[in-house]
Amino acid sequence: NNRMRYVGPMARCPEDLELVLPYLSGPDGVDPLAVLPPYRASSSREVSLKALRAAFYTDDEVGGADADTQATVRNAAELLRGVVGSLNEDRPACLKDAFEVWMRVVARDGGECWVWPGMTKELAWFVEQARPYRADAPSEVSERIVGWDKFSSQVLAFFAKYDVCL
């Protein structure tokens, strides 16, 4: 179970998202890769549902969701059918590469920076996964960062096609 695959935010209703979206959108001064989304402060009541382009997927080709989660996503998608402008079962083609691309960037020291005497069993698992990703040559590190940028561009291109993704 990889706890580092979180996507969000999740909310029970659009009004809840309206409360947090201004704090979540745009750069935070910490993440150098933050994207400036076209955030417009408007009420969810002003959004035309028929204009929304929606996508959903239940299989990321990596670890996948359990049957209950898959059924929940499919049911939520069916509730959107006929309500939104378009609904497609679609996912970024590069999702299957996410863990590999991420590990090549963050584990270039082979996980050594995370080793400490009292580390949890989850962190110990991560360090073991990181060992094969050690990169010693500066050119290899640069290549990995370019790979991350390419992956990020592919994900952003996917999300540019949709307003909503389940």
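Buried means under 20% relative accessible area, exposed means over 50%, and partly exposed lies in between (1.4 Å probe, protein chains only). I wrote that down before looking anything up.

**Entry: the model**

I am working with a predicted model, in which local features need pLDDT of at least 70, side-chain atom pairs count only at pLDDT 80 or more, and totals for chains, interfaces and linings use all residues. I number residues from 1 along each chain as its sequence is written, and side-chain values use heavy atoms, with hydrogens and water left out.

**Entry: overview**

I found 5 helices and 3 strands in the protein. Helices here are DSSP runs (H or I, at least four residues), as are strands (E, at least two), numbered from the N terminus. From the N terminus on, I read the order as α-β-α-β-α-α-α-β. The protein has 166 residues, and 20% of them count as buried. I noted an accessible surface of about 11,800 Å² (Shrake-Rupley method, 1.4 Å probe; for residues, only the protein chains shown count as cover). Carbon and sulfur atoms hold 57% of that surface.

I then turned to contacts, meaning heavy atoms within 4.5 Å. Among contacts in the protein with a separation of 6 or more, 69% come from residues 24 or more positions apart.

**Entry: α3 against α4**

Two packed helices are described by the angle between their axes and the distance between the axes. I looked up helix α3 (residues 98-106) and helix α4 (residues 121-130). They pack at an angle of about 90 degrees, and their axes are 10 Å apart. The axes are lines fitted to C-alpha atoms, for helices over the stretch in contact, and angles run from 0 to 180 degrees between N-to-C directions. So α3 is roughly perpendicular to α4. My cut-offs: under 35 degrees is roughly parallel, over 145 roughly antiparallel, 65 to 115 roughly perpendicular, and the rest oblique.

Which residues of α3 meet α4? From α3 I listed F99, W102, M103 and V106. They meet W125, F126, Q129 and A130 in α4. The residues of this contact divide into 7 nonpolar, 1 polar and no charged. Nonpolar covers Ala, Val, Leu, Ile, Met, Phe, Trp, Tyr, Cys and Pro; charged covers Asp, Glu, Lys and Arg; the others, Gly among them, are polar.

I also checked V127, which lies in helix α4. V127 is buried, at a relative accessible area of 1%. Not counting residues up to four places away in sequence, V127 touches G110, G111, W114, V115 and M119. V127 and W114 are 13 residues apart in sequence, with 6.8 Å between their C-alpha atoms.

**Entry: aromatic rings**

A pair of aromatic rings is described by the distance of the centres and the angle of the planes. Rings of Phe, Tyr and Trp (its six-membered ring) pair if their centres lie within 6.5 Å; planes under 30 degrees apart are stacked, over 60 edge-to-face, and the rest tilted. How many aromatic pairs does the structure hold? I noted 5.

One of them joins W148 and F151, a tilted pair with 6.3 Å centre to centre and 35 degrees between the planes. Both residues lie in helix α5 (residues 138-159), 3 residues apart, about one turn of the helix. F151 is buried, at 12% relative accessible area.

The rings of F158 and F159 have centres 5.1 Å apart and planes at 85 degrees, so I filed this pair as edge-to-face. Is F158 buried or exposed? F158 is buried, with a relative accessible area of 5%. F159 is partly exposed, at 37% relative accessibility. F159 and P92 are 67 residues apart in sequence, yet 8.2 Å apart in space, C-alpha to C-alpha.

W102, W114 and F126 form one aromatic cluster.

**Entry: three single residues**

R144 lies in helix α5. R144 is buried, with a relative accessible area of 4%. Leaving aside neighbours within four places in sequence, I found R144 in contact with R104, V105, R108, Y133, R134 and A135.

F56 lies in strand β1 (residues 53-56) and counts as buried, at 5% relative accessibility. The C-alpha atoms of F56 and D90 are separated by 5.9 Å, though the two are 34 residues apart along the chain.

Q70 lies in helix α2 (residues 67-80). Q70 counts as partly exposed, at 29% relative accessibility. Not counting residues up to four places away in sequence, Q70 touches T58 and A65.
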